[in-house]
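The sequence and structure come first.

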Amino acid sequence: MNERSLTHLDSDGRARMVDVGDKAVTKRTATATGRLVTRPDVIALVRADDLPKADVLATARIAGISGAKKTSELIPLCHQIPLSSVKVDFDFTSDSILISATAKTTGQTGVEMEALTAVTIAALTLHDMIKAVDAGATMTDIQLRDKTGGKHGHWTRTPAPSESAEGRPVPTKRPRRSKPRANTAAVIVASTAGAAGTREDTTGPVIAEWLTAAGYTAELTVVSDAEIAREMARVLKTAPAVILTTGGTGVSPTDRTPEATLAVLDRELPGVAEAIRSHGLAATPMAALSRAVAGTARDTVIINLPGSPGGVKDGLAVLDDLLPHLVAQVSGGGPHA
């Protein structure tokens, strides 16, 4: 064992606090990263700041900074050091929140543990904030990425073959996507009362009838607002050419349809959603409150419609001429705008 192996053990193998009194005072930095893996619909909720516990990222950022400042209290053999800066940042993939923390000091020992603690505490806080919607979220890939200062100068982690330079997983093969089934459609009604049987659904059958008249074979399901993301994912796996939703597009705390849709979209079609809103505004100013979105996922066209009979009527009026052209473009045929 060389002199640099396990410096926290004395000659008898007992734990000790390293004496740094003779080390040079230098500027030192360290950056650590980690990930919290969760469902795509939860990612959408965090990005929209629409979880029951609000200010998710702000709370996790403060927790990470606080954790870095308390590192010596949490890890027995760490020195108390004067931190000059702690920065915690977040980024997103389709199924994870990426956490990065950089700690800085001018002193006689490094800040690697402070950076790693900041990432860990931020990840724990994120887990606490989202556990109501995903108790199975996973904290993973917490690691030191880079450090500077001290006797050994600059050190940077060499990415493993399965990582990008930022420590993100690199897929070895792009998942195959099923080709949408021609002339098939799905209607998803987001209505907690409708799913419970306490209110009659008057919008789903209208949409299904409209799709049938347009030449589609349509499947209709009614789910609670809380289940819209799960149902969206299930229906998308069946690869219909079109998915039309109704309900859950307003500003009620239970409205989740736009978030569930954004979580699966590859490309948004904001013009479609705006055209439907604009048509509705001619009838009622309440149409301005709709957060409906539209886009494509796995070459399936997905469009949110309002949850009222009038809103559905306005939306279908817009789609009368638009949907055939849109489906043809997405499938690779028809004229391009």
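## Around I99

Leaving aside neighbours within four places in sequence, I99 is in contact (heavy atoms within 4.5 Å) with A32, T33, G34, V88, D89, F90, V119, A122, A123 and L126. The model is predicted: local features need pLDDT of at least 70, side-chain atom pairs count only at pLDDT 80 or more, and totals for chains, interfaces and linings use all residues. Residues are numbered from 1 along each chain as its sequence is written, and side-chain values use heavy atoms, with hydrogens and water left out.

## Nonpolar cores

I99 is among the residues with the most contacts inside the largest nonpolar core, along with V46, V88, F90, I97, L126 and I130; this core has 31 residues. A nonpolar core here is a set of buried Ala, Val, Leu, Ile, Met, Phe, Trp, Tyr and Cys residues joined through side-chain atoms within 4.5 Å. Buried means under 20% relative accessible area, with a 1.4 Å probe and protein chains only.

At least two residues of this core come from each of strand 1 (26-37), helix 1 (40-47), helix 2, strand 2 (83-92), strand 3 (96-107) and helix 4. Helices (H or I, at least four residues) and strands (E, at least two) are DSSP runs, numbered from the N terminus. Helix 4 gives the most, with nine residues. A second, separate core has 25 residues, including V187, L211, L316 and V327. In soluble globular proteins, nonpolar side chains tend to be buried together.

## Helix 2 against helix 4

Helix 2 (residues 56-69) packs on helix 4 (residues 112-130) at an angle of about 145 degrees, and their axes are 7 Å apart. Axes are lines fitted to C-alpha atoms, for helices over the stretch in contact, and angles run from 0 to 180 degrees between N-to-C directions.

On the helix 2 side, the residues that meet helix 4 are V56, L57, T59, A60, A63, G64, G67 and A68. Their partners in helix 4 are E114, T117, A118, I121, A122, T125, L126 and M129. By class, this contact has 10 nonpolar, five polar and one charged residues.

## The loop at S191

S191 is found in the loop between strand 6 (181-190) and helix 5 (192-196). S191 is buried, with a relative accessible area of 16%. Not counting residues up to four places away in sequence, S191 touches V222, V223, S224 and D225.

## The whole chain

The protein chain has 10 helices and 11 strands. Of its 337 residues, 43% are buried.

Key: Nonpolar A, V, L, I, M, F, W, Y, C, P; charged D, E, K, R; others polar. Buried < 20%, exposed > 50% of the residue type's maximum accessible area, 1.4 Å probe, protein only.
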